[in-house]
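Please consult the sequence and structure shown here.

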Amino acid sequence: MVMENGTGYESEAFEEESIGDESEATQAVQVALNIRPLIALERVQGCRDCITVVPGEPQVQIGHHSFTFDYIFGRAATPLPSIFDKCVKPLVEGLFHGYNATVLAYGQTGSGKTYTMGTGYTVGGSTEGVIPQVMQTIFKRMETLKHKADFQIRVSFIEILKEEIHDLLDPNPPSTEYIFGGGLKALAVGKPPIQIRETTAGEITLMGVTEADVKSLEEMAAYLEHGSLSRATGSTNMNSHSSRSHAIFTITLEQRRKWDPLPDGGNPSPEDFNEDYLCAKLHLVDLAGSERAKRTGADGLRFKEGVHINRGLLALGNVISALGDEKKRREGGHVPYRDSKLTRLLQDSLGGNSRTVMIACVSPADVNAEESINTLKYANRARNIRNKPTVNRDPLAAEMLRMRQQLELMQAELLCARAGGPSNTEVQMLKQKVAWLEASNMDLQRELEEARDRIEAISRCALESQVERDTLRIKLDQLRSGKTFEELDQGLDVQTDDLLKEYVIRIQELESELQQLQYARIPSYYSPPRPPSTSSSRSRGESIAGAGFGVAGIDGDIYLRPGEFSGDIDTDDLRNQFKRPSMQEKFDKELREIDKRLEQKEAEIKLFVRPDSKVLQQHFEKKLVELEEEKTHLQQERGKLMMELESFAHGSDRNALKFQEARLQKLKQLKVQMQAQDEVEDEPQELQMWSITSGLKGFFQEIMPRNLLNR
Ligand SMILES: Nc1ncnc2c1ncn2[C@@H]1O[C@H](COP(=O)(O)OP(=O)(O)OP(=O)(O)O)[C@@H](O)[C@H]1O
């Protein structure tokens with residue numbers, strides 16, 4: 001099944017809501033489908049009903065097409081009066097809140113547009129149509145609101161016939177004459193033709209149209225009937241009473257709210273004056289029906305009318321397509337409103353500031369299926385149009401009304417005062433007092449402004465001089481580093497100046513913050529500023545009456561910042577007060593740290609320069625024990641050797657004798673060494689240890705066989 005999704009294209013999938021992300025301020029054109037029953041002519045022709053309404057859904061099926069609308073009326077769906085209740089009544093209500101509205105009936109010829117709209121209303125006749133119900137509702141509502149507002153109602157009724165606008169309420173309509181082969185032609189008698197104009201506010205108006213003031217429902221009904229009778233109609237094969245023009249019945253509702261003085265006698269708030277003057281229009285449009293000459297059997301005049309009707313409807317279709325295309329709308333694409341008078345007149349209603357309802361009328365007869373499908377597609381596209389309703393106020397009239405109400409309020413106050421309020425003399429005195437207070441207030445404000453200007457100027461000067469000084473310092477540094485004057489001039493351009501300025505400002509801000517923090521942290525350092533001193537050192541930090549106080553810069557300079565302090569201030573004192581705490585504390589802290597580190601160093605040096613005697617004593621005692629042990633061991637060794645020597649002495653071997661001699665020699669040396677060791681025991685322990693160990697080592701290396709030494 002083909003589903004119509006409101007984009008003008010057919011798709012297999014049904015999309016319930018084709019409009020998504022628009023702002024809340026916009027409102028989609030509402031589309032209602034009205035399916036009239038089969039009429040006698042269709043029954044006679046043996047036509048069959050080809051439209052099915054999906055139960056419980058605002059959806060219809062025709063052939064293999066499916067369409068969804070905002071509302072569906074007619075036949076078994078909903079009885080006709082509901083069209084007004086559901087779709088049009090809210091628009092009438094909106095009219096009383098200043099919102100323009102449009103109800104537009106569209107459809108094939110003979111589909112029931114005039115019937116639905118009630119454009120063919122006659123006094124005493126059926127009141128089923130939309131327009132009669134609108135009229136009744138408006139007057140009923142006015143009746144209930146008459147104590148709150150004054151209403152004024154005007155109506156106009158025009159038709160667009162063959163691209164000409166006719167005033168259906170013109171008391172002196174132009175006479176007509178028959179033109180051979182061309183039908184009837186209007187002969188203008190004095191009155192200029194009606195013109196479409198666009199006001200500066202973008203509102204579309206008709207110049208030269210009759211706007212009839214109406215005071216009652218009957219009067220309005222009479223105008224509607226009069227216009228209906230004046231409207232061009234003709235008989236075709238499809239409708240014996242076919243409308244040959246697009247008709248627009250416009251109701252203009254003006255209201256001026258009556259203002260009630262507050263019961264408690266209090267002052268009115270601005271809200272009390274809101275919406276005091278509103279003016280809104282309701283257009284009720286009964287379009288001529290689209291038709292096919294082949295089916296209507298139109299020829300001659302009727303055929304020409306049909307061509308114009310279709311041309312106007314085509315232009316309307318193009319406007320609807322342009323407005324319904326979301327992409328085009330977002331890109332602000334061209335909307336061809338000027339292609340026809342109909343579209344130009346409906347500019348506010350389609351894509352403008354109006355609340356709009358389109359009623360698509362269709363015949364259920366299968367012979368009209370093709371036209372019905374076209375109508376449904378057309379209407380479905382209209383659902384994509386977004387309007388932006390706005391309240392219509394006349395600012396000038398609103399202002400006048402506000403002033404009038406204020407005058408009334410003051411008169412009431414005067415009456416009240418005369419009745420028992422304060423005496424005239426008291427009132428005069430109070431008035432004088434108020435005037436005097438107001439004048440002195442003005443003076444003070446002026447002085448304040450002047451002081452602010454002065455502060456600003458001084459701040460600027462301070463900033464400039466700071467920048468200049470820094471620039472010079474940079475230059476000086478660069479000169480010292482060997483740059484020439486030419487290089488300096490090239491290097492420091494305007495941009496550098498600006499950059500410097502930025503830095504200086506930033507530095508000032510940071511310094512200010514820092515000072516505030518310090519100030520908050522060490523309140524004891526702060527003492528209130530002394531009276532201004534006469535010291536000559538106050539050149540830059542001179543006392544400035546009413547000015548803001550200075551902030552210490554990097555190098556202790558004072559920069560003025562407005563709005564932080566006011567009064568007569570000695571800035572040198574302030575500078576000292578703000579400088580001292582921070583510097584002193586910094587130095588103290590540094591000194592403490594240095595002391596601490598010195599102490600640490602001293603301790604380390606002491607440890608190395610004067611070793612602990614106890615530890616040393618233990619160390620050498622241990623060494624002595626070891627040496628004693630070694631001495632004992634050596635003595636044992638000597639004993640052994642002596643024994644061996646004796647056993648050798650009894651032998652006769654020459655080699656043994658030689659060896660013996662060598663051993664004896666060595667033993668002597670050993671003896672000498674041991675004696676020497678005994679002697680050095682009285683020497684310092686370190687020397688003892690050294691001499692003993694080195695002596696013994698040499699001895700053993702020389703006399704002992706290697707294997708004995710390693711054991
Ligand atoms: N809801 C309805 N119930 C009964 N009859 C209806 C209904 N709607 C329309 N008709 C009848 O259908 C016929 C055509 O209606 P109408 O003149 O309103 O059509 P139209 O769309 O205005 O035609 P045209 O565009 O040619 O003016 C009329 O005889 C009318 O009485």
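This is a predicted model: local features need pLDDT of at least 70, side-chain atom pairs count only at pLDDT 80 or more; totals for chains, interfaces and linings use all residues.

**Contacts, burial and the ligand shell**

Q: Which residues are in contact with Gln-108, leaving aside its neighbours within four places in sequence?
A: Gln-108 is in contact with Gly-289, Ser-290, Ser-363, Asn-368, Glu-371, Ser-372 and Thr-375. The term applies because the C-beta atoms of two residues in contact lie within 7 Å.

Q: Why is Gln-108 called buried?
A: Around Gln-108 there are 24 other C-beta atoms within 10 Å. A residue with 20 or more is called buried, and therefore Gln-108 is buried. Its place in the chain is the loop between β9 (101–107) and α3 (113–117).

Q: What makes Thr-109 buried?
A: Thr-109 has 25 other C-beta atoms within 10 Å. The cut-off is 20 or more, so Thr-109 is buried. Thr-109 is likewise found in the loop between β9 and α3.

Q: Where does UniProt place the feature "binding site"?
A: The unreviewed UniProt entry places this feature at Gly-107, Gln-108, Thr-109, Gly-110, Ser-111, Gly-112, Lys-113 and Thr-114.

Q: Which of the 19 residues around the ligand come nearest?
A: Gly-112, Thr-114, Ser-242, Ser-243 and Gly-289 come nearest. Two or more residues of the shell are given by each of the elements α3 and β18 (242–243), and α3 gives the most, with 3 residues.

Q: How do the residues of the shell around the ligand divide into nonpolar, polar and charged?
A: The shell holds 6 nonpolar, 11 polar and 2 charged residues. Gly counts as polar in this division.

How values were computed. Residues are numbered from 1 along each chain as its sequence is written. UniProt positions are given in the numbering used here, feature names are shortened, and annotations may be inferred rather than shown by experiment. Helices (H or I, at least four residues) and strands (E, at least two) are DSSP runs, numbered from the N terminus. A residue is buried if 20 or more other C-beta atoms lie within 10 Å of its own, exposed if 12 or fewer, and partly exposed in between; C-beta atoms are placed from the backbone. A residue is near a molecule or strand if its C-beta atom, placed from the backbone, lies within 6 Å of it.
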